Each structure stands twice: as structure tokens, then as C-alpha cells.
Amino acid sequence: MSSSSARSSRAAAAIAGYLLGVVTVPLDLLGVLAAPISAGLTDRIASVERRRLTRLLGVRSNGVPRGPRAAGYLAARALVGMLGALVLALSGLGVVVAVAVVYGAATGAAVPIIDATEPGQVSWASVMVLALPGAVLCFLAVQGLLGVVRAEAWCLRRSTRPGQDELAQRVAQLTTTRAEVIEVIDDERRRIERDLHDGVQQRVVALSILLGRVEREADEDRRGELQRRAIAETGHILDELREVSWRIYPAMLARDGLHAALEALADRTPLPTRLDYALTERAPRPVESACYFTASEAITNAIKHSGAETVAVDVERDGPLVRLRVRDDGNGGADPTGHGLAGIATRVTALDGTMRVDSPPGGPTIVTVEVPCG
């Protein structure tokens, strides 16, 4: 899309957002009145207004107002919407007056401030008299429209700003998450050490023994067989190292992105795995890393514990969030507090994301991760 087309699209979205803000004033008033009866309805209306501001007007917010804050936000938003309707009406009135004046000047109708000697003729003095106030009124109308948008943005940010209790809770959560991240990092280091010691190191020892036997063997046929076994063992060592490196951090993830890494993961999975990847651009590296390791852990659990026959991996964008969902048709009963899933949850929480595990007895098991991608 060209820059001019992008600007036109943004301008059209902004106009649509402004007009919708005027139209939804009765809906906001309904939300205010419904607050004592149905807080859920008030929250949904506030969510609709937030979606309008973020998607059409490009306003950033810290979330959606809830509870009493939602009612207060809708009350303030209704007043701003009424002001927007007034500014829009005055702007329309100014356009109507300007058109009437120009039409009167062109047709020779009776317009007191126009000095037209003949139909279709306007003196330069009259043009200047009309142009200056018209330019001032146009400037004021534009400033009024922009002011309404800024007021809407301020109301939303004010209503979603965290309070003292929320800030204290957030600090406590970050402190806990930091300790959990340190613990997860230590666990990962110990796991890598075990993989190297129990896998790669043992194969290297076996290779060194084979090479020693090759050196001592006098029989040529026997020596050739030992050499072939040593070459095969070298291939196994390379496979083990590749597996360890993939578990630490896949080079493909850093080089080619999440889509390519998930495709490679699906190809390496012994179960039939369907991948539906709907992102149109690369996410930040921490987000890609969290999504990849979530998928890897969920698929590993499905292979080892669930008795699943198929696995499905879906990746999509939902506003500011990247959502990854891994579903298997196994027996269910996955434990979210288990070592692997708990480590993934800590990684996701450190990015202000959330992880849900839905695994009733009998299945299916669905692991869903949502990570901010702002």
C-alpha cells in the first residue's frame, strides 16, 4: 500500500471513528444507567468504545475499564460525545452558510455583505471579507474536532490508569515473576547439563573407545567394521548435539522466524501435526521465543503422556496480542503446575502474557498462550 493510500485509509478510519463516537452517545448513557443492575453490560459497552478508539482513531490504552470505572468512563465519554455532536453541527452550519453565501454571490441573490453589481460577479473586497472569517471558522472547526478526539483519548487513559492497589499488586507480581524466571533459568541449565552428560558425553566416550579398538585391531576386516561403527556413532553424536541445540534455542527461530521454526517442529513431530499460521509479519523475538517453546512443550507432553493421535497448532493476531493455541486429541488430564508447563507459564508471564490449560479427563487438551505484541 502506498503512503498516500495509507494516509487516506487512516483519515477515513478517523472520520468513521469520530462519527461513531457521536452515534454511540445513547449507548453510553444506557451503560451508565445499567451499571447498578448489570455491570457486565456496562463493561461490554466500555469494551466497544475502547475498540472504536484503538482501531479507528489509533488511541493507545492500558486495557478496558471495568466495574465502577467503566460506568465513570461511559459518563465522561457521553459528555465528550455530545460535545463532538455540537462541534459537528456547528461545522455543518458553517459549511451551509458558506455555500449559501457563495451561491448568493454567483446568482446575484440578496446577500447584505456582498457587493455584486451583476449576477455572477463579486467584488474583491467582498471576497476578502468572506475569506478571512471563513478561514478562522474552518481553523476553529478543525481544532474542535481534534480536541474532541484528544478528550476521548484522555478519558480512556484516565479510566484505565492503574490505582495504588493495582500498582502494589503489579509490583508483587513482578517480584514473584522475577524469582520464578531465575528458578526456571537454573532448571534449564541443569537440564542442558543432563542432556550433555547423559547423551552427548556418553556417545563421545563410546566413540573414543571404538577409535581405540580400531588402533589396536590387526584384522583388516574387523578394523573396517569398527571404523564403520565409529562413523555411525559420529552421526549419532551430531544428531544429539542438534537436538540439544534445538532445545536450547533453535537457530532457525532467530534466522527465519516463528513460522519456519514451527514448520520444522511439525516436521520433526512423529504425530500428524497441522499448523495454521495467520500472522502477516514477524513478532518481536521474545514473543516468538515464548510461542515456540510453548508449542514445543505442549507437543512433547502430547507425545509422552496423552496418547494423542493428532496435534493442531494455531497462531493468530488479536489486536495487540499474539495468540498461540496447541490442541491434541489425547486423554486429557494435563497438570498446569507440572515442571514443563509451569516453566512456560513463567516465561509467558514475564512478558505480561497469559497461559491457559484446558485439559478435562478424556481430552482434548488445549494450551492457549496470549502475549502482548505492542
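Modeller: A strand here is a DSSP run of E with at least two residues, numbered from the N terminus. The model is predicted. Valine 367 lies in strand β5, residues 365-372.

Biologist: Why is valine 367 called buried?

Modeller: Buried means under 20% relative accessible area. Valine 367 has 4% relative accessibility, so valine 367 counts as buried.

Biologist: Which residues is valine 367 in contact with, leaving aside neighbours within four places in sequence?

Modeller: Contact means heavy atoms within 4.5 Å. Valine 367 is in contact with Thr294, Ala298, Leu324, Arg325, Val326, Met355, Arg356 and Val357. Take leucine 324: it is 43 residues from valine 367 in sequence, and the C-alpha atoms are 8.1 Å apart.

Biologist: What is the strand order in the open sheet?

Modeller: The order is β1-β2-β3-β5-β4, with mixed pairing among 5 strands.

Biologist: What makes β1 and β4 edge strands?

Modeller: Two strands pair if DSSP finds at least two bridges between them. β1 (273-277) and β4 (354-358) each pair on one side only, and that puts them at the edges. On average, neighbouring strands of this sheet are turned by 10° against each other, direction ignored.

Biologist: How do you know that β2 and β3 pair?

Modeller: The cut-off is at least two bridges. Strand β2 (residues 311-318) and strand β3 (residues 321-328) are joined by 8 bridges, so they pair. The two strands run antiparallel. Glutamate 316 stands opposite arginine 323 in β3.

Biologist: Which strands does α10 lie across?

Modeller: α10 lies across β2, β3 and β5, and runs at about 10° to β3.

Biologist: And its helix partner: why is α10 called roughly antiparallel to α11?

Modeller: The axes of α10 (residues 285-306) and α11 (residues 339-349) come within 10 Å and cross at roughly 165°. Angles over 145 degrees count as roughly antiparallel. Therefore α10 is roughly antiparallel to α11. The crossing of α10 with α11 is left-handed.

Biologist: Which residues meet there, in α10 and in α11?

Modeller: From α10 come Ser289, Ala290, Phe293, Thr294, Glu297 and Asn301. From α11 come Gly340, Leu341, Ile344, Arg347 and Val348. The contact divides into 5 nonpolar, 4 polar and 2 charged residues. Gly counts as polar in this division.

Biologist: Where does aspartate 352 lie?

Modeller: Aspartate 352 lies in the loop between α11 and β4. Its phi is near 65°, a positive value in a residue other than glycine.

Biologist: Alanine 264 is next. Is alanine 264 buried or exposed, and what makes it so?

Modeller: Alanine 264 is buried, because its relative accessible area of 14% is under the 20% limit. Alanine 264 is found in helix α9, residues 258-268. Proline 250 is 14 residues away along the chain, with 9.9 Å between the C-alpha atoms.

Notes:
Residues numbered from 1 in each chain as written. Predicted model: local features only at pLDDT ≥ 70, side-chain atom pairs only at ≥ 80, totals over all residues. Heavy atoms only, no water. Axes fitted to C-alpha atoms, helices over the stretch in contact; angles between N-to-C directions. Helix = DSSP H or I, 4+ residues; strand = E, 2+ residues; numbered from the N terminus. Parallel < 35°, antiparallel > 145°, perpendicular 65-115°, else oblique. Left-handed = near helix turned anticlockwise from the far one by under 90°. Buried < 20%, exposed > 50% of the residue type's maximum accessible area, 1.4 Å probe, protein only.
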